[in-house]
Amino acid sequence: MDSQGLKEGFGIKIWKNKDILKGIFSKNIIKGWGILNYFKGDIYKGQFQNEKASGFGEYYHENGGIYIGYWDNNYQEDIGIEIWSDNSKYIGQYLNGKKEGIGTFYIEDGSIYKGEWKNNLKNGFGVMLYEDGKKYIGRFDEDRLVDKYNELNEDMAIKLYEDYLINNQ
């Protein structure tokens, strides 16, 4: 504690809901690295700014899911990896805690989606590869394939994607 009675240096803060925060405090507020143990079993280990997850961190869900990546104001932000308890995995961009931008989703059944996301949904140009070998290339809207392109070579796919980006800015 400093001369004004505020926490300085390493400390522990326990909230009324029984969440426990351990880390480095400055004037009663955690800044830098810390660990937040949620009463319900989840754990956040990482950087804090004004007692909110901000910067690089790891979030472990009580059910076995994990998120490793960047945070801003308690939301997943920028680049991250999310792995669910069924071993499904998303690697890609986030905005305000949602999948947004470019990302790859590896589904537990072996299927893979590579493409654009908006508001946690497949949205924009993407490729859906199924375990049985089926491949769908096209434009997705709210998780639905709305414009399907038949067999494309890589050059055609890149050209279509570039055209899509130019026309949707």
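Two strands count as paired if DSSP finds at least two bridges between them. Helices (H or I, at least four residues) and strands (E, at least two) are DSSP runs, numbered from the N terminus.

The views show a predicted model, in which local features need pLDDT of at least 70, side-chain atom pairs count only at pLDDT 80 or more, and totals for chains, interfaces and linings use all residues. Residues are numbered from 1 along each chain as its sequence is written, and side-chain values use heavy atoms, with hydrogens and water left out.

**View 1**
Along the sequence the order is β-β-β-β-β-β-β-β-β-β-β-β-β-α. The protein has 169 residues, and 30% of them count as buried. Buried means under 20% relative accessible area, exposed over 50%, and partly exposed in between (1.4 Å probe, protein chains only). The accessible surface is about 10700 Å², with 50% belonging to carbon and sulfur atoms. Areas come from the Shrake-Rupley method with a 1.4 Å probe; for residues, only the protein chains shown count as cover. Contact means heavy atoms within 4.5 Å. Among contacts between residues at least 6 apart in sequence, 6% join residues at least 24 apart.

**View 1. Confidence is lowest in helix H1 and highest in strand E6.**
pLDDT is the predictor's confidence in each residue, from 0 to 100. The protein averages 89, and 87% of its residues reach 70 or more. Helix H1 (residues 154–167) has a mean of 64. E6 has a mean of 98.

**View 2. Strands E1 and E2 form a hairpin.**
E1 (residues 8–14) and E2 (residues 20–26) run antiparallel, joined by 7 bridges. Glycine 9 has phenylalanine 25 of E2 as its bridge partner. The hairpin has 5 residues between the strands. Here lysine 18 takes a positive phi near 80 degrees.

**View 3. E2 also pairs with strand E3.**
The pairing of E2 with E3 (residues 29–37) is antiparallel, over 6 bridges. Lysine 22 has isoleucine 35 of E3 as its bridge partner. Isoleucine 20 stands opposite asparagine 37 in E3. This hairpin has 2 residues between the strands, and lysine 27 takes a positive phi near 55 degrees.

**View 4. E3 and E4 are antiparallel partners.**
They are joined by 6 bridges. Asparagine 37 has isoleucine 43 of E4 as its bridge partner. The hairpin of E3 and E4 has 5 residues between the strands. In this hairpin, glycine 41 has a positive phi near 115 degrees.

**View 5. The largest nonpolar core has 17 residues.**
A nonpolar core is a set of buried Ala, Val, Leu, Ile, Met, Phe, Trp, Tyr and Cys residues joined through side-chain atoms within 4.5 Å. Leu21, Tyr44, Phe48, Trp71 and Tyr113 touch the most other members. At least two residues of this core come from each of E2, E3, E4 (43–49), E5 (52–60), E6 (66–72), E8 (89–95) and E10 (112–118). Leaving aside neighbours within four places in sequence, tyrosine 44 is in contact with residues including Ile35, Leu36, Tyr38, Phe56, Tyr59 and Trp71.

**View 6. The structure holds 14 aromatic pairs.**
Rings of Phe, Tyr and Trp (its six-membered ring) pair if their centres lie within 6.5 Å; planes under 30 degrees apart count as stacked, over 60 as edge-to-face and the rest as tilted. The ring centres of tyrosine 67 and tryptophan 71 lie 5.1 Å apart with planes at 90 degrees, so this pair is edge-to-face. Tyrosine 67 is buried at 1% relative accessibility. Tryptophan 71 is buried too, at 11%. Tyrosine 90 and tryptophan 117 are also edge-to-face, at 5.3 Å centre to centre and 85 degrees between the planes. This pair links distant parts of the chain: tyrosine 90 is in E8 and tryptophan 117 in E10, 27 residues apart. Tyrosine 90 is buried at 0% relative accessibility, and tryptophan 117 at 6%.

Most residues other than glycine have a negative phi. Asparagine 87 is exposed, because its relative accessibility is 61%. Aspartate 143 lies in the loop between E12 (135–141) and E13 (144–149). At 35% relative accessibility, aspartate 143 counts as partly exposed.
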